[in-house]
There are 4 protein chains.
Amino acid sequence: MSHFAAVSEPLATLAKQPKSHVRTAVAGVTGYAGAELARLLLHHPRLGDTQPIFLGRMGAEADGTTIYDLHPQIAKNDGKPAPPVVPFSWETLRENGTEILFLALPHEQSREYVPHALAAGLRVIDLSGAWRLHHPANAAVYKLTDSDPALAAAIQAEAVFGSPELHRDEIAGADLVANPGCYSTSIILALAPLVRAGVVDVEHGIICDSKSGVSGAGKAPSAKTHYMYAADNLSAYAVFGHRHTGELLEQLGLTNDQIQFTPHLLPIPRGILSTIYLRLRDGMDAATIEDTLRSFYARSPMVRVHRSGDLPQIQNVVRTSFCDIGFELAPDGKRLVLVSCLDNLLKGASGQAVQNMNVMCGWKESEGLL
Amino acid sequence: MSHFAAVSEPLATLAKQPKSHVRTAVAGVTGYAGAELARLLLHHPRLGDTQPIFLGRMGAEADGTTIYDLHPQIAKNDGKPAPPVVPFSWETLRENGTEILFLALPHEQSREYVPHALAAGLRVIDLSGAWRLHHPANAAVYKLTDSDPALAAAIQAEAVFGSPELHRDEIAGADLVANPGCYSTSIILALAPLVRAGVVDVEHGIICDSKSGVSGAGKAPSAKTHYMYAADNLSAYAVFGHRHTGELLEQLGLTNDQIQFTPHLLPIPRGILSTIYLRLRDGMDAATIEDTLRSFYARSPMVRVHRSGDLPQIQNVVRTSFCDIGFELAPDGKRLVLVSCLDNLLKGASGQAVQNMNVMCGWKESEGLL
Amino acid sequence: MSHFAAVSEPLATLAKQPKSHVRTAVAGVTGYAGAELARLLLHHPRLGDTQPIFLGRMGAEADGTTIYDLHPQIAKNDGKPAPPVVPFSWETLRENGTEILFLALPHEQSREYVPHALAAGLRVIDLSGAWRLHHPANAAVYKLTDSDPALAAAIQAEAVFGSPELHRDEIAGADLVANPGCYSTSIILALAPLVRAGVVDVEHGIICDSKSGVSGAGKAPSAKTHYMYAADNLSAYAVFGHRHTGELLEQLGLTNDQIQFTPHLLPIPRGILSTIYLRLRDGMDAATIEDTLRSFYARSPMVRVHRSGDLPQIQNVVRTSFCDIGFELAPDGKRLVLVSCLDNLLKGASGQAVQNMNVMCGWKESEGLL
Amino acid sequence: MSHFAAVSEPLATLAKQPKSHVRTAVAGVTGYAGAELARLLLHHPRLGDTQPIFLGRMGAEADGTTIYDLHPQIAKNDGKPAPPVVPFSWETLRENGTEILFLALPHEQSREYVPHALAAGLRVIDLSGAWRLHHPANAAVYKLTDSDPALAAAIQAEAVFGSPELHRDEIAGADLVANPGCYSTSIILALAPLVRAGVVDVEHGIICDSKSGVSGAGKAPSAKTHYMYAADNLSAYAVFGHRHTGELLEQLGLTNDQIQFTPHLLPIPRGILSTIYLRLRDGMDAATIEDTLRSFYARSPMVRVHRSGDLPQIQNVVRTSFCDIGFELAPDGKRLVLVSCLDNLLKGASGQAVQNMNVMCGWKESEGLL
């Protein structure tokens, strides 16, 4: 099954029904992606009257905590009561008529919750890595254990990789959208137009040198997220072993020998820049490359293609849900450097999740994201 | 003339006419405040169909530059033409039916343009320091020279200090709003409720220790804005001599002996935190202080008052148009520390300018700012 | 007992015996202060042939860890074996003939170890807060519990506050030197010359607004040391309640009403800047103030006094063991702003500890520190 | 002429004469490299009594400026007069008996001064790019114009590329040492051992993705060194066109097709990390690669080779004169990632210059650098 192949096919399915509004809930609201998701949903023009439900730990006591207590920066000060964070329960979701459930939870928990959610008729947008990978060899990196493996496999087979630029039509009708990884999004969006066009010498090997801000490492305090470790520093990690690699292979249709990805920890709060090195099969000119990128993204409002030689940089995408893509071609017309940038918490997580919701509801794809 | 005294008076004037929309223009779009102003106006819900005019240098050639060329981070990628930056001319403003003109220009230029603008029937929101000070002794710091001093003095007398929390009613009817300084906003908003309530021992002296991010120093490259100077550093400057001092004196009704203000350059892009030390005339308890602050700002959506002991911090106001205010009271009930935070480019500049526009147009004060 | 009063008295004691070299050991080598101490000692010109002993946890297994494994940045690559970290034991210290023991441990542990160390004839330089405070009311903040309270009290009575600029002669002969806190050092050194000279209106109250880099919060990962919390942020904390306050009171001979200290967490790795506000009893001129500072520090190589109006800044002291002090006087000749800067890990911890060792051994005070 | 080939040859020349001390001068002391050079020389154990001469602009008036005025962070506060900065003149150098002249000047000025200096019998260590490149095609990037091209060409032919790890013996006897570029040093030192060993598949192409702190861009304020541009950002630049490329080609004996270098601007003050991607001709194991690196640098104190999988990071080299080199080998034994780190102002500039001085004087190579 190739999700990638679906991109240019005619619309097979549509948003189940274009909606004027939708009832949403978010499970996992304490982390950075949760904060951004809460902020985006609380300001989304189509959700005005149907406030999202924010869900805490299952089995926790309701203790009056509000989403503004957790994330004071998003407090609206509009005189209305602060949205509460309520303990997770399927009952609460049913009572509220929730239609779309966002999961910003560890992948083990997602693997446990998703079967229940789908059985309850919810559509799910999952921000973890739990459902992104279709080939067991790739998914093995997550060491998943399912109580009902056959059911999990069936769900997995129907899960759609949540890259609207590649799988718009499938997302529109999907019940389970596996929101992509942040690194993967930056690399896949830069490479897909050229790889699909067949102009890349994939046998030569593609090098992806990626750099991410510290929020990508999550909110749990650790030696590596300590200010003293991250600040004024740069370090490479997980060389030849980062778990986003499987997404690159599956979405780009490449083998492990054909693409190599090295992440680095940047001393900035948020933002990813990927510098991607490849060789073209045949000499090309810059105009043709730019055209290939532009036409691929002609209908994609959340990708901004740059002119040849005008390389994107992190500061222009931070706090936006855009992915910016640019390139520089060597005088030989064969060696190409692609640079792609995004905010790992937005286009790399919560912004893309909202973009997926927009597609699933038949709304304008950029709704609430500009 | 005490603008300060106007705060609690009955509504003397109203927005000249509540408007469904308004035609705006911005002169001075290359700097950081200009970028934020452009972003806010381009997303303002009441300006949807009446795109603001962005004005470059008077006498410049139209060269096709757009606001997105200057500030790629705000490019909407919505398929519509990028808003052009056109040379400044009064003709352009008239042809476009401009009603409100934002000036984000050096104070000398503001001093030159404002008389023309008012004569042309425009309402002006000026972000420079040119028109903020009413007492010549205070204004002297700007070394202003006017071609028609009498006219300038008359205009100055009518100018309203653009702090909606203090001068809401006057702003509603004003033709010239002098948008406050960034440091001044953080200090005035923290002190005004208590100083006005007469509970501060002003003779003892108030100490304002303020810290600002580098964007406050402007976009022109200089030794002090060099990354190598600002990063991993902290420095005090302009001790006993910062030009925002006059705003504190006039707005709080204090003398030079009664308040002391020391700015520091923080190694962050944006944000101001002011730590303010004062003595109360008589012992108070924390609840009373909190009440005083809360009731003063009961109708002010852009000020968030914190509970006693819950001090605001910069990261919760950056990229918002809020001013957050908190405090800690000594066990003696007399020594009080106020902490106030804002984003110097938003509540300290462009966010407050848009707030003023909202007030001038009779719109919800927080429109386009949440 | 006033340690402060001892400053200008004739030399009562001397370094017990001027030494050509000394055998040292460091307990507590995993933290930031430990790393700096190890670096300084490994490069100290008087310790060339007598390598310090680095001590890990008591009762730990020797596992071959070296000081370079813990702190790769100080690895000399000189072909010699890396200095091992050995488990703490009194036996090891005796066998190695250790004369001076540095303790960079939590204060509880220091309180436990110091009686043993002194009984074993060691001289101790303690970097914790355990022995700095002489008045029980001040020391209460550390909640100390001693197995032999009478012995602890006797030791405390003999402990010398390790500020060489104030207590040089006592340190020379001391068996237990309580190395000062980082904030306290920056404030005490700025204020001592003027407070001692009796020119400060202490009844008016002194305000100390201090800002420290993140290393001051220690190496243990926590919510507040997370990069995402500290970066691009500024926050005040422990207003009216920081435990360094007692050092200010005792060393400056002030009461709680007379001095007020507010620390802030700066988004930089290291460095403290204190902005100190006070009133002079009588009008003074800048030259007299500068003279007072300069003559107080005439024999103190690790304090650099700045000219009037030339304020110190953090970047000039980071990675040095200097405290830089400057000031600005109001035109009224009465309101004074002092600014003092140091590196919290050096002059605020390990550099000052080595300075104390130099004094204790009768060496040049700046030996190994320039 | 292959400087590279000289590495393992028997000692052809020696330091002209092992010296107990040497008289030095530095021209170009205002920039970051100048500051570090001044600091290193003022603390160098072999220069104790022969203070370096610091030279300002030729033809300037002597105005009493000292090196401590320019760089307060290096002021020793040792009671001795601050070293003056005197106008550049050949007379001054002769009168002081200068033997080694450091030039930290723009390359045009170096090209003008060096012929005079050599004619005056001085030995020169030049930190600019003026004399690094031997092939005119590579040197063309500097657009050099010489008043006496034949003389310049003759000097160029004798200039030694100042990488002690590669050219130790030639440097020992050299009159003109061209101190390498910062990026080049990080890349050349990582690659030289393997490229020389002939194990790299150079036809496949080597990718060097380098990231540098802002000090690499120099002290002149500019749009790109503005804090607001550099902070919280990352940008690639000079793709396919950085002028350090020529050094890579000449020192590694590669062609333009065989190596590709992309620099990035990191939001940190100092430090370079290069991530280098290559393929080995034949499968190798990690132990062999580590051995190759270690034996190549067995006599090189300023290179620290890491164990396989233990990748270096910037924070461990900043403020040191080391280059740290590590690697990770793919399971296929053919794809290799090298990571190398250094401080661009030290091993990438002034530290390496002092290392060259040590070699030229027959001193221990790490003298004054640990």
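These legends accompany close-up views of a predicted model.

**View 1. The seven-stranded sheet of chain B.** Seven strands of chain B form an open sheet with mixed pairing. Their order is β9-β10-β8-β11-β14-β13-β12. One edge is β9 (235-236) of chain B, and the other is β12 (303-305) of chain B. Each edge strand pairs on one side only. In general, strands of a sheet pair through backbone hydrogen bonds, either parallel or antiparallel.

**View 2. Strands β13 and β14 of chain B.** This view picks out one pairing within the sheet. Strand β13 covers residues 323-329 of chain B, and strand β14 covers residues 335-342 of chain B. The two run antiparallel to each other, joined over seven bridges. Which residue of β14(B) is the bridge partner of Gly326(B)? That partner is Val339(B).

**View 3. The contact of chain D with chain B.** Chain D brings 19 residues to the contact, and chain B brings 19 residues. About 1,400 Å² is buried between the two chains. Carbon and sulfur atoms give 74% of that area. Three residues, His226(D), Tyr227(D) and Met228(D), supply 50% of the area that chain D buries against chain B.

**View 4. Polar contacts and composition at the D-B interface.** How many salt bridges link chain D and chain B? The count is zero. Polar contacts are present: 10 residue pairs across the interface of chain D and chain B, both residues at pLDDT 80 or more. Helix α9 (residues 227-230) of chain D gives the largest share of the side of chain D that touches chain B, with three residues. By class, that side of chain D holds 12 nonpolar, five polar and two charged residues.

**View 5. The axis between chain D and chain B.** Chain D superposes on chain B by a rotation of 180 degrees, with 0.0 Å of shift along the axis and an RMSD of 0.0 Å. Which C-alpha of chain D is nearest the axis? It is that of Tyr227(D), 2.0 Å from the axis. Of the contact residues of chain D, 100% recur in chain B. The same surface serves both copies.

**View 6. Chain A and chain D.** A rotation of 180 degrees superposes chain A on chain D, with 0.0 Å of shift along its axis and an RMSD of 0.0 Å. This is the relation of a two-fold axis. Why do these copies meet through the same surface? Because 100% of the interface residues of chain A are also interface residues in chain D.

Note on methods. Residues numbered from 1 in each chain as written. Chains lettered and ligands numbered in written order. Predicted model: local features only at pLDDT ≥ 70, side-chain atom pairs only at ≥ 80, totals over all residues. Heavy atoms only, no water. Pairing = 2+ DSSP bridges. Helix = DSSP H or I, 4+ residues; strand = E, 2+ residues; numbered from the N terminus. Contact = heavy atoms within 4.5 Å. Buried area = accessible area lost by both parts, 1.4 Å probe. Salt bridge = Lys/Arg side-chain N within 4 Å of Asp/Glu carboxyl O. Polar contact = N/O pair within 3.5 Å; in protein donor to acceptor, adjacent residues only side chain to side chain. Nonpolar A, V, L, I, M, F, W, Y, C, P; charged D, E, K, R; others polar. Least-squares fit on C-alpha atoms with pLDDT ≥ 70 in both.
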